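Please open the model in your viewer and keep the sequence panel beside it.

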Amino acid sequence: QVQVVESGGGLVQPGGSASLSCVASGFTLAQANYVIGWFRQAPGKEREGVVCINTYGGATFASDPAKGRFAISRDNAKNTVYLQMNNLKPEDTAVYYCGAYESGPSRKCLMGMDSYKYWGQGTQVTVSS
């Protein structure tokens, strides 16, 4: 029943921006205690966390570089979480995944992959000139 689906990937020029979408179904973002997180997996590397957002809109970044260039937001009316990526670099090239897990009324979300019970299929982001 619970499902998350990513979209918005594609070819982006270095220094450019992209916005990824994660559409949730089976629960309502505005009401349910679900965390949505963004992860990515570059070729030949392990999947890593990027940023997550909790029920109350609070974000947790997995790294300082991500905090400086990326932003997470949600549109409750569309039941969608977005990942805004600015000043993209070739090393940002990866398959980007969104995940979800049900939490209690916590002020923070967790970036550990083991916390996430539901995953999308991923969307490819390629940063190249």
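A residue is called buried here when its relative accessible area is under 20%, and exposed when that area is over 50%. Keep in mind throughout that this is a predicted model.

**First stop: Cys109 and its partner**

Select Cys109, which at 3% relative accessibility falls under the 20% limit and therefore counts as buried. A disulfide joins Cys109 to Cys52, with a sulfur-to-sulfur distance of 2.1 Å. The two cysteines are 57 residues apart, and the bond links distant parts of the chain, since Cys52 sits in strand β5 (residues 48-53) while Cys109 belongs to the loop between β9 and β10 (118-119). Cys52 is buried as well, at a relative accessible area of 0%. Looking along the S-S bond of Cys52 and Cys109, you will find a right-handed link with an angle of 95 degrees.

**Second stop: the other disulfide**

Now select Cys22 and Cys98, whose sulfur atoms lie 2.3 Å apart in a disulfide. Which parts of the chain does this pair tie together? Cys22 lies in strand β3 (residues 18-25) and Cys98 in strand β9 (residues 94-102), so the bond connects parts that are 76 residues apart in sequence. This link is right-handed too, with 75 degrees about the S-S bond of Cys22 and Cys98. Cys22 is buried at 1% relative accessibility, and Cys98 is buried at 0%. The count for the model is two disulfides, and if the bonded cysteines are numbered in sequence order, the pairing reads 1-3, 2-4.

Move to Ser21, which lies in strand β3 and is buried, with a relative accessible area of 16%. Show its surroundings: leaving aside residues up to four places away in sequence, Ser21 touches Val5, Glu6, Ser7, Trp38, Thr80, Val81 and Tyr82. The C-alpha atoms of Ser21 and Glu6 are 5.5 Å apart, although 15 residues separate the two in sequence.

A polar atom of the Thr93 side chain lies 2.9 Å from the backbone nitrogen of Val127. Beyond residues up to four places away in sequence, Thr93 touches Ala42, Pro43, Gln124, Val125, Thr126 and Val127.

**Last stop: the whole chain**

Zoom out and colour by secondary structure, which comes to one helix and 11 strands, running β-β-β-β-β-β-α-β-β-β-β-β from the N terminus. The radius of gyration is 14 Å, close to the 14 Å that the globule rule gives for 129 residues, so the chain is as compact as a globular protein of that length. Its C-alpha atoms fill a box of roughly 40 × 25 × 25 Å along the principal axes. Of the 129 residues, 43% count as buried, and the accessible surface comes to about 6,700 Å², with 46% belonging to carbon and sulfur atoms. Among contacts with a separation of 6 or more, 60% are between residues 24 or more positions apart.

How values were computed: Residues numbered from 1 in each chain as written. Predicted model: local features only at pLDDT ≥ 70, side-chain atom pairs only at ≥ 80, totals over all residues. Heavy atoms only, no water. Disulfide = S-S within 2.5 Å. Helix = DSSP H or I, 4+ residues; strand = E, 2+ residues; numbered from the N terminus. Buried < 20%, exposed > 50% of the residue type's maximum accessible area, 1.4 Å probe, protein only. Contact = heavy atoms within 4.5 Å. Polar contact = N/O pair within 3.5 Å; in protein donor to acceptor, adjacent residues only side chain to side chain. Rg over C-alpha atoms; globule rule 2.2 N^0.38 Å. Areas by Shrake-Rupley, 256 points an atom, 1.4 Å probe, with all protein chains shown as cover.
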